[in-house]
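Please walk through this structure with its sequence at hand. The tour starts inside one chain and ends where two chains meet.

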Amino acid sequence: MEIVFLLVPLAALLVGVVILALIWAVKSGQFDDLEGPAHRILMDDDADSEAARRPGPPVT
Amino acid sequence: MIAVGREQKDRLLRWLISGALGLQVMMLSEALYVGSFFGIEPQFRLFFQWASLLLTAPVLVYSAHPFLASAWSDLKHRRLGMDVPVALGLWLAFVGSAWSTWTGRGEVYFDSIVIFVFLLLGARLLENAARRRALRDLELLERAAPALARRVRADGIEELVPSVELVAGDLVRVRPGEALPVDGLIESGLSTFDKALLTGDGAPIERGVKPAIARLADRVASRFSAAILLLTCVAAVSWWYVDPDRVLPVVLALLVVSCPCALALATPLALAATSGALAKRGLLVTRPQALESLSAAEIVVFDKTGTLTAGPPRLVAVLPRGDWARERVLAIAAGLERGSEHPLARAIIEAAAGAGAPATEIRNHPGRGVEGLIDGRRYGLGSPTFAFESLNAPVSVELLAGIPAGSTPVVLAREGEVVALLATEDTLRPGARELVASLRQAGKSVLMLSGDHPAAVMRIARELGGIDAEGSASPERKVARIRELAASGRSVAMIGDGINDAAALSAATVSIAVGSGACMAATAADAVLVSSRPQDLAFAFERATKTLRTIRLALGQALLYNVIFLPLAAFGWMPPWVAALGMSASSALVVLAASRLRIDGRRRSEPEPGAAIRTALVPA
């Protein structure tokens, strides 16, 4: 059972990593908009469609 | 939770971290619980306790900081907020558990600390999110109002253009109540401007800082905290004599179970949720406390035009006097009314089927009439009283008897001479009768005050199911009548046009401005109804009552919960973790009850509020 002396600190270390990830997620704006991205697939990406409509280089 | 601000991000992080660490502490305390049943080697027990202590410390120091800080500021100001027992409980639990860990005897409550912090932060996050969502709804509706300007083209015809498209030299017409689209010089016209936005003078006066029920909740929470602290002291001393080992768990359970969050959450949450639901139906509540007054209103006063009747009214007859031609009369009337926002103006302009005679020096007399200069002669158009008093036109009872029965006469006069009589008729808005019926059913009396001809007003009143009504009421008369009603100690709700009835709206206990684009700027009212559908008004009254009932229910439920659970905790029949669960369950119930108020009761087939606003803003 002495293994818990290793496992608990290991788990704590893992939590440390999780917390760092959470800090990053909050700071980088992952939680800023929880509804918008779901609708993004429905939006026309104007810049891209514009590029598609423009005549490309002649196909040789 | 959308568009998270800095403060909200901060809160979110505190909550997430308390959750991540909480999971660890829970895992360790699970081992301790099982260990205390089946036996555990002392070295493991000690190790688990120390690990829990180290994992709990960041939760207490970082995640719980908002509670500790607010409790500290409460104490500094010699107040007892609801965070005081919370902070006290958290620190007692931590210090007591740390002491047990250090001495190696007694129980530890690290798990209770982390659950408590995690759930409490979660509840506040939810509350905040609900409040933000309501604010966002309001903002969306406000933004949906495009900044438009009426540009007058060289040929005298008006066109509606976005303000950004105006260039220097353009002529712009600004009707009464509208916001100025750009800076400019006044070409013609006379009016007053509300410069409050520029100077900061006359900023909207808050009528009562907080709703009475919110103040009540605050007061109760403060006394409640004091009572809890007292009870805790008594329990602690009593248990000291009975069983010193149990003092800490009992004190903790008491402090945790009594956390009056439900009390404090109920009111703001319910008000925010209802404001959001009403905004979806096109009713913008500018002061949340209006909901409380709306539900408590005993008399509902309506202005007839545009609220109960469908605007614009129909023009049923044009009766020219002498050898005046019908077309000429209409052209002059249309020219005068072009600058007016009154619903009648639209009917006249439509009937004239043209731009109307070019009028200058147009002066608007809200609720009475307009006058202006056409071809060098001064014309006036308005109610018979206005024509008689202000234009010196010989308007007699015999003259007015000539119009169709029940219609409203409008007099066109030129320099002391009656040119023509115009007869208009209102039709009831669909749903107006149901609105009146539902208000009466809710025990409110309904009164109609209108500037229109008494015969016309009585006809509408009969059609509405025989309500009290008063015709020929000038704006001043409306204000006086509302003051009179209010002086008798009853609360009065006034629903009317934001421009002509501005004074009457602010005289009432609570007011709703109904109407078109110009009203968006109306700040005299506590709420603005953009959709101008009677159904939405009925919904607002019904929902306001429901909100109040929900709040009272939540307060009662929180009280009941405490009455049941406090003795259990004081007698030591409740471990701290059960207390933490009970406290959160009570808060969650309150949050759920409030969330139900967000449902706006709109069927899917009904138009979106955005559509209602667009139609309200852009006249057909």
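Contact means heavy atoms within 4.5 Å. This is a predicted model, where local features need pLDDT of at least 70 and side-chain atom pairs count only at pLDDT 80 or more, while totals for chains, interfaces and linings use all residues. Residues are numbered from 1 along each chain as its sequence is written, chains are lettered from A in the order in which they are written, and side-chain values use heavy atoms, without hydrogens and water.

Start at L90(B). Leaving aside residues up to four places away in sequence, L90(B) touches L60(B), A64(B), I113(B), F116(B) and V117(B).

A nonpolar core is a set of buried Ala, Val, Leu, Ile, Met, Phe, Trp, Tyr and Cys residues joined through side-chain atoms within 4.5 Å. Buried means under 20% relative accessible area (1.4 Å probe, protein chains only). The largest such core has 67 residues, and L90(B) and I113(B) have the most contacts inside it. Helix α8 (residues 247-257) of chain B gives the most to this core, with 10 residues. Apart from it lies another core, of 45 residues, including L428(B) and I495(B).

Now turn to the chain contact. Chain B brings 20 residues and chain A brings 21 residues. How much area is buried between chain B and chain A? The area is about 1,800 Å², and carbon and sulfur atoms give 77% of it. Buried area is the accessible area (1.4 Å probe) that two parts lose on being put together, summed over both. In chain B, K9(B), F44(B) and F47(B) lose the most area to chain A, together 28% of what that side buries.

Methods:
Buried means under 20% relative accessible area, exposed over 50%, partly exposed in between (1.4 Å probe, protein chains only). Helices (H or I, at least four residues) and strands (E, at least two) are DSSP runs, numbered from the N terminus.
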